[in-house]
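Hi,

Here's the structure I promised to pass along.

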Amino acid sequence: MSRTRARIDPAALLAKAAGPAKRALRLHPFYRGKIQMLPKVPIRGLDDFSVWYTPGVAAACRAIVDSPDQIFEQTNRGNTIAIVSDGSRVLGLGDIGPAAGLPVMEGKALLFKYLGGVDAVPLCLDAPSVDDLVRVVEAIVPSFGAINLEDIAQPKCFAVLDRLRDSLPIPVWHDDQQGTATVVLAGLLNALERVGKSLGGVWVTMVGAGAANIASLRLLTRAGLDPAKTIVCDSRGSLHPDRKDLSEQRELFADKWRICIETNEKRLAGGVAEALEGADVCLAFSSPGPGTVKPEWVRRMASEAIVFACANPTPEIWPWEAQEAGARIVATGRSDFPNQVNNSLAFPGIFRGVLDVRATAITDDMTLAAADALAQAARDDGLSDETILPPMDDRTVAVKLAVAVGLKAQASGDARLSLSRDDLERQALAKIDTAQDSVARLMADGLIPEPPPEGD
């Protein structure tokens, strides 16, 4: 079946792609950040302060002493999470440090609140070692209902996640791993449906062997991907058992070495170019492009090829280049191109769900349930080659994920509260509506000012 594509104007598309960065440098200083704290209680006069602070607050403190779970009733802990980063692997910028990573964490907090009704506190930490980072997070737990780890380099990120999940009584999640994997699975399932292929039958090449692809491989395998038909490439080429640099450091790079053993049944050596030949799917979470994945490599992929080029801020290959090279479906991590494969589609709803049932963990089963709900949300809207996932601003998506995750947490025994499907949906929608309506009212009243005109 022949398909026609609209005429592509690369110059116009490149100019459009450069726009968000230019606007960001103008608007970030204007607003001096993206989030703030506002009261959630009435303040009508001095008598109210005597309730919210001394002397009345002492009664709330005593209630928590008598019954520790009262902290979730007497405070906002049950709706507050920490976004923890050391700035060692920020977007496609690399190790820029905790201070330079703060704009990203503030942006994350904005999405948590607006899309999920979750209060999130960005914590950029100068914590060089695994022990340092784990110790700080363990110390702040009494103030938070869950922990979101963000932009931490590997292999440090794997060790930090594993240790904190073992030691903490609240959910710990590494969004670059689990969040990304959730959206990749949902998007890939729908892309495969569009091209008439199955997850268990496709050959997949993963470009990049960082946290995102390693976690995606694990979750995709749980969902039915055949790892033997998967080739993973890092900066030195494809992973296979003959890679001496990894076999000699298998304890340090345990996840990479496991991939060497479990994938690439052909024992294909070489780089990305060789690994993509004949592949049905390219999943790229690697160095920002363009040019990390070349059009001539895409041309040698299988027919009806799927390309996820998800490096930020610039994809490994521009989507129009991949399409001209023969790819049927192309996705990126950016919101200004079709098919955004970005963890922002997952984390607001997932955290809404775990907080609402007061879950003790976020398990792979919860993540699979979220991926199924996300894929179904796109199907409900109608799939096309450019809409394999719902848009980020669809307020119903987070509600659907919250319900799916909350129900799964209860079914697996990982929830402290029991809520029906209707209660989960009603509670999630109320919190999200409150967050979004609050922003609308602040804007209408001028308390959030309009941005300055272009050129000012």
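A quick definition before the results: a cavity here is a set of grid points where a 1.4 Å probe fits but cannot get out. Keep in mind that this is a predicted model.

With that in hand, searching the whole structure turns up three cavities of 30 Å³ or more.

The largest cavity holds about 90 Å³ of space. Its lining is made up of L115, S344, L345, P348, G349, P391, M392, D394, R395, V397, A398 and Q436. Sorted by type, that lining has seven nonpolar, three polar and two charged residues. Two helices, α15 (347-356) and α17 (395-411), each put at least two residues into it, and α17 gives the most, with three.

Next comes the second largest cavity, at about 70 Å³. F72, G78, G145, I170, P171, V354, L355, R358, A359 and R416 line it.

C260 counts as buried because its relative accessibility is 0%, the cut-off being under 20%. C282 is in no disulfide either, and the nearest cysteine sulfur, that of C310, is 8.9 Å off. With a relative accessible area of 1%, C282 is buried too.

Cheers

Note on methods:
Residues are numbered from 1 along each chain as its sequence is written. This is a predicted model: local features need pLDDT of at least 70, side-chain atom pairs count only at pLDDT 80 or more; totals for chains, interfaces and linings use all residues. Side-chain values use heavy atoms; hydrogens and water are left out. On a 1 Å grid over the protein atoms alone, a cavity is a set of points where a 1.4 Å probe fits but cannot get out, and a pocket is an open set with protein on both sides within 12 Å along at least five of seven lines; lining residues have an atom within 4 Å of a point. Grid points are joined across faces, edges and corners, and a volume is the space filled by probe spheres set on the points. Helices (H or I, at least four residues) and strands (E, at least two) are DSSP runs, numbered from the N terminus. Ala, Val, Leu, Ile, Met, Phe, Trp, Tyr, Cys and Pro count as nonpolar, Asp, Glu, Lys and Arg as charged, and the others, Gly among them, as polar. Buried means under 20% relative accessible area, exposed over 50%, partly exposed in between (1.4 Å probe, protein chains only). A disulfide is a pair of cysteine sulfur atoms within 2.5 Å.
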